[in-house]
Amino acid sequence: MGADRCAIFVAHDSTRQLVLRGWWDFEGVPQPALMYDLGEGLVGWVARENRPLFLANAQSDQRFVTKWAHDADVAAVMNLPLVINSAVVGVLQVSTRPGKP
């Protein structure tokens, strides 16, 4: 997967939310202020289930949630839980834009 965007979401136990803390975008799109509740969207699902998720067409998946305008730029996506001592501490998300392999 050739990535166009990479994001790191950090889990906060007190709020049960995943907050965007790290960001890289091939075209220089600035980092948005994003957060997902545990179980919400692809990021929240990966954190709750502690399972990786790869989707060739992310927007067609029922778990996909639009949070900001550039979510329309997402095609394929890979989400990996970040785990320390059996606890999910975050999620790494790597995605491509439509029309990219």
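Student: What makes the meeting of the Arg63 and Asp61 side chains a salt bridge?

Tutor: A salt bridge needs a side-chain nitrogen of Lys or Arg within 4 Å of a carboxyl oxygen of Asp or Glu. Arg63 and Asp61 meet at 2.8 Å, N to O, so they pass the test. Before we go on: this is a predicted model, where local features need pLDDT of at least 70 and side-chain atom pairs count only at pLDDT 80 or more, while totals for chains, interfaces and linings use all residues. Residues are numbered from 1 along each chain as its sequence is written, and side-chain values use heavy atoms, with hydrogens and water left out.

Student: How do you know whether Asp61 is buried or exposed?

Tutor: Check its relative accessible area: buried is under 20%, exposed is over 50%, and partly exposed is in between (1.4 Å probe, protein chains only). Asp61 has 16%, so it's buried.

Student: Which parts does the Arg5 and Asp73 pair tie together?

Tutor: Arg5 sits in strand β1, and Asp73 in the loop between β4 and β5 (77-84), so the pair links parts 68 residues apart in sequence. Strands (E, at least two residues) and helices (H or I, at least four) are DSSP runs, numbered from the N terminus. The N to O distance here is 3.9 Å. Arg5 is buried at 5%, whereas Asp73 is partly exposed at 23%. By the salt-bridge rule, the count comes to four.

Student: What makes a set of residues a nonpolar core?

Tutor: They must be buried Ala, Val, Leu, Ile, Met, Phe, Trp, Tyr or Cys, joined through side-chain atoms within 4.5 Å. The largest such core here has 22 residues, and Phe9, Leu42 and Ala58 have the most contacts inside it. Helix α1 (41-49) gives the most to this core, with five residues.

Student: What is Leu42 in contact with, leaving aside its neighbours within four places in sequence?

Tutor: Contact means heavy atoms within 4.5 Å. By that rule, Leu42's partners include Leu53, Leu55, Ala58, Phe64 and Val77.

Student: Why is a space called a cavity?

Tutor: On a 1 Å grid over the protein atoms alone, it's a set of points where a 1.4 Å probe fits but cannot get out. The structure holds one of 30 Å³ or more, and the largest cavity has a volume of about 190 Å³. That volume is the space filled by probe spheres set on the points, which are joined across faces, edges and corners. Its lining has 18 residues, each with an atom within 4 Å of a point.

Definitions and conventions. On a 1 Å grid over the protein atoms alone, a cavity is a set of points where a 1.4 Å probe fits but cannot get out, and a pocket is an open set with protein on both sides within 12 Å along at least five of seven lines; lining residues have an atom within 4 Å of a point.
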